[in-house]
Amino acid sequence: MPRKEEEFIPLLSAETISLITLSLIDGVGSAIIQKLLSFFGTAEGALAASYQELSQVMGLTPDLCRKIVDQRDKVPLSEELELIEKHS
């Protein structure tokens with residue numbers, strides 16, 4: 001049975017969880033994550049950003065801004081955290 005994200009929170013920082021979440025969003029790779037970190041300062045800040053705030057980041061298309069907003073709460077984080085735990 002898959003474990004809940006909350007079980008992993010003591011093991012990983014909120015910023016690490018946020019980076020993993022960003023990396024699971026379609027179209028978000030290391031270059032986009034770097035742009036988001038440069039603009040917002042943290043992955044947590046990037047994930048909390050509105051569509052309007054995201055659209056101010058150079059290099060992010062309107063479609064990608066929508067994907068980040070739409071997918072940030074829907075990524076398969078539990079499964080990814082399980083894989084991290086299993087392989088660490």
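**A first look**

A search of the whole structure finds one salt bridge, meaning a side-chain nitrogen of Lys or Arg within 4 Å of a carboxyl oxygen of Asp or Glu. Please keep in mind that this is a predicted model, in which local features need pLDDT of at least 70 and side-chain atom pairs count only at pLDDT 80 or more, while totals for chains, interfaces and linings use all residues. Residues are numbered from 1 along each chain as its sequence is written, and side-chain values use heavy atoms, with hydrogens and water left out.

**The salt bridge**

- The partners are Asp 63 and Lys 67, whose closest N and O atoms are 3.9 Å apart.
- Both residues belong to helix H5 and sit four residues apart, about one turn of the helix. Helices here are DSSP runs (H or I, at least four residues), numbered from the N terminus.
- Asp 63 counts as partly exposed because its relative accessibility is 41%; the term covers values between buried (under 20% relative accessible area) and exposed (over 50%), using a 1.4 Å probe and protein chains only.
- Lys 67, at 29% relative accessibility, also counts as partly exposed.

**The aromatic pair**

- One aromatic pair turns up in a search of the whole structure.
- Phe 39 and Phe 40 have ring centres 4.8 Å apart and planes at 75°, so they form an edge-to-face pair. Rings of Phe, Tyr and Trp (its six-membered ring) pair if their centres lie within 6.5 Å, and planes under 30 degrees apart count as stacked, over 60 as edge-to-face and the rest as tilted.
- Phe 39 has 40% relative accessibility and counts as partly exposed, as does Phe 40 at 22%.

**The nonpolar core**

- The largest nonpolar core has 21 residues, and those with the most contacts inside it include Leu 22, Ile 25 and Ile 68. Such a core is a set of buried Ala, Val, Leu, Ile, Met, Phe, Trp, Tyr and Cys residues joined through side-chain atoms within 4.5 Å.
- Helices H1 (14-23), H2 (30-40), H3 (43-48), H5 (62-71) and H6 (77-86) each give two or more residues to this core.
- Leaving aside residues up to four places away in sequence, Ile 25 touches Leu 47, Lys 67, Ile 68, Gln 71, Arg 72 and Val 75, where contact means heavy atoms within 4.5 Å.

- Ser 18 lies in helix H1 and is buried, with a relative accessible area of 8%.
- Beyond residues up to four places away in sequence, Ser 18 touches Ala 43, Glu 44 and Leu 47.
- Leu 77, in helix H6, counts as buried at 10% relative accessibility.
- The C-alpha atoms of Leu 77 and Ile 17 are separated by 8.4 Å, although these residues are 60 apart along the chain.
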